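Grab your viewer and work through these exercises.

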Amino acid sequence: MDLRKRYEDFMESVRKRAEACGRNPSEITVVAVSKTFPVEAILNLFSLGHRDFGENYIQEARRKIEEINSPRIRWHMVGSLQKNKAKYMPSLFQWFHALDSIELLDLLSDRFEKAGKSLNLLIQVDFTGKEGRSGVKEEEVFELAKACLGKKGISLRGLMTLPPPPSKPEDSRPFFRRLRELRDECIKSGIPQEFMKELSMGMSDDFEVAIEEGATILRIGRAIFGERNV
């Protein structure tokens with residue numbers, strides 16, 4: 001199956017599932033996660049009208065973004081970010097999905113303010129409690145969200161989560177539902193609603209469940225680009 005066919009089939013699946021649960025498909029942004037895929041694949045998808053692309057690694061992203069050099073693409077950093085790589089962010093990305101500390105927040109705020117740019121931020125939440133996983137614990141979310149308010153160079157947009165790889169789509173539902181509930185709790189606790197509009201959750205294996213639970217951003221690789229070679 002070629003890229004156009006996979007893309008059109010996937011976007012139709014998003015539309016159908018959104019409408020089936022009473023949602024407007026236009027509320028949902030699909031980020032095409034292009035890590036490991038060549039520039040040619042990104043340009044082919046761009047030619048079909050897609051504008052949001054995600055990368056996981058700074059070094060790979062720098063090479064691609066500088067080569068493509070298009071202000072019409074919205075680049076999303078969807079992987080975790082080492083603090084020493086924050087200096088590269090203003091020239092590359094408009095969105096960051098994996099904020100997990102006040103220290104990283106301060107670095108990004110400083111870098112983007114000095115560059116005269118603004119970064120859209122999502123706080124990554126880990127509900128598993130397992131060692132080595134990125135993200136903050138749910139009880140730490142409100143404090144980090146509050147720290148974002150008033151910071152220059154950044155704009156808090158909402159929350160993100162990455163469940164363990166599901167053996168079936170329903171395995172991810174409790175994580176997606178809890179993220180939505182946590183978003184609502186933050187708003188009730190005083191975080192203005194405009195800073196909690198986005199829920200980044202759902203990938204190729206569980207995006208339909210994510211839509212049902214309120215996802216506004218889907219991070220999709222394989223379902224659009226096909227199987228990765230690495």
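**Exercise 1.** In which hand, left or right, does H2 pass H3 at their crossing?

Before the solution, some housekeeping. This is a predicted model, in which local features need pLDDT of at least 70 and side-chain atom pairs count only at pLDDT 80 or more, while totals for chains, interfaces and linings use all residues. Residues are numbered from 1 along each chain as its sequence is written, and side-chain values use heavy atoms, with hydrogens and water left out.

*Solution.* 
- Step 1: find the elements. H2 covers residues 39-47 and H3 covers residues 58-68. Helices (H or I, at least four residues) and strands (E, at least two) are DSSP runs, numbered from the N terminus.
- Step 2: get the geometry. The two axes come within 10 Å and cross at roughly 50 degrees. Axes here are lines fitted to C-alpha atoms, for helices over the stretch in contact, with angles running from 0 to 180 degrees between N-to-C directions.
- Step 3: classify the angle. H2 is therefore oblique to H3, given that angles under 35 degrees count as roughly parallel, over 145 as roughly antiparallel, 65 to 115 as roughly perpendicular and the rest as oblique.
- Step 4: read off the hand. The crossing of H2 past H3 is right-handed; that label applies if the near helix is turned clockwise from the far one by less than a right angle, and left-handed if anticlockwise.
- Step 5: list who makes the contact (heavy atoms within 4.5 Å). H2 supplies Val39, Ile42 and Leu43, and H3 supplies Lys64, Glu67 and Ile68.

**Exercise 2.** Work out whether Lys64 is buried or exposed, and which backbone oxygen its side chain reaches.

*Solution.* 
- Step 1: Lys64 sits in helix H3.
- Step 2: check accessibility. Lys64 counts as buried because its relative accessibility is 0%. The cut-offs are under 20% relative accessible area for buried, over 50% for exposed, and partly exposed in between (1.4 Å probe, protein chains only).
- Step 3: follow the side chain. It gets to the backbone oxygen of Ser34 at 2.7 Å.
- Step 4: collect the neighbours. Skipping residues up to four places away in sequence, Lys64 touches Ser34, Lys35, Thr36, Phe37, Val39, Ile42 and Glu55.

**Exercise 3.** Find the phi of Thr36 and of Asn69, and say where each residue lies.

*Solution.* 
- Step 1: Thr36 isn't a glycine, yet its phi is positive, at about 75 degrees. Thr36 is in the loop between strand E1 (29-33) and H2.
- Step 2: at 35% relative accessibility, Thr36 is partly exposed.
- Step 3: Asn69 isn't a glycine either, and has a positive phi of about 50 degrees. Its loop runs between H3 and E3.
- Step 4: Asn69 is exposed, with a relative accessible area of 61%.

**Exercise 4.** How many disulfides does the structure hold?

*Solution.* 
- Step 1: apply the test, a pair of cysteine sulfur atoms within 2.5 Å. The count is zero.
- Step 2: look at Cys148. It is in no disulfide, and the nearest cysteine sulfur, that of Cys186, is 10 Å away.
- Step 3: check accessibility. Cys148 is buried at 4% relative accessibility, and Cys186 is buried with a relative accessible area of 3%.

Technical notes:
A polar contact is a pair of N or O atoms within 3.5 Å; within protein, one must be able to donate a hydrogen and the other to accept it, and residues adjacent in sequence count only if both atoms are side-chain atoms.
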